[in-house]
Amino acid sequence: MLAAILRKYAYVLATMLGFKVGVQYNSMTALAQEILNNFDKLPNIEQRKIALEIFRRIAHFDSLPLTDEDLSLNAEELFLALDQQESDYD
């Protein structure tokens with residue numbers, strides 16, 4: 001269930017950074033793609049540590065202002081993910 005919540009946060013972060021969710025961005029450099037390929041080969045615990053460090057670093061990025069609609073959609077998606085997680089524990 002943690003993975004579902006992280007996917008929702010990724011949606012929020014992508015929106016804040018000006019990316020449209022669901023759009024394929026194929027302009028990644030070979031180096032960036034190599035980093036992702038190496039990331040995929042790591043054990044889960046190492047992937048989590050790296051993800052946490054990336055979240056820490058992107059917290060310093062300037063983000064685009066979110067519209068009320070963006071905020072509402074993000075809040076709804078997060079609420080639904082947390083609600084699903086809670087029902088899984090029952």
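**Exercise 1.** What separates Glu53 and Arg56 in helix 3?

*Solution.* The model is predicted, with local features needing pLDDT of at least 70 and side-chain atom pairs pLDDT 80 or more, while totals for chains, interfaces and linings use all residues. Residues are numbered from 1 along each chain as its sequence is written, and side-chain values use heavy atoms, without hydrogens and water. Helices are DSSP runs of H or I with at least four residues, numbered from the N terminus. Glu53 and Arg56 are 3 residues apart in helix 3, so about one helical turn separates them.

**Exercise 2.** Find the salt bridges that link Glu53, Arg56 and Arg57 in a network.

*Solution.* A salt bridge needs a side-chain nitrogen of Lys or Arg within 4 Å of a carboxyl oxygen of Asp or Glu. Step one: the closest N and O atoms of Glu53 and Arg56 are 3.6 Å apart, which makes a salt bridge. Step two: Arg57 and Glu53 form a salt bridge at 3.0 Å, N to O. These two residues lie 4 residues apart in helix 3. Step three: the count by this rule is 3 salt bridges, one of them between Glu46 and Lys49.

**Exercise 3.** Which residues of helix 4 are buried, and where do they lie around the axis?

*Solution.* Buried means under 20% relative accessible area, exposed over 50%, and partly exposed in between (1.4 Å probe, protein chains only). Step one: Asn74, Leu78, Ala81 and Gln85 are the buried residues of helix 4. Step two: they cover an arc of only 60 degrees (taken from the directions from the helix axis to the C-beta atoms), so they lie on the same side of helix 4. Step three: on the other side, Asp68, Glu69, Phe79 and Glu86 are exposed.
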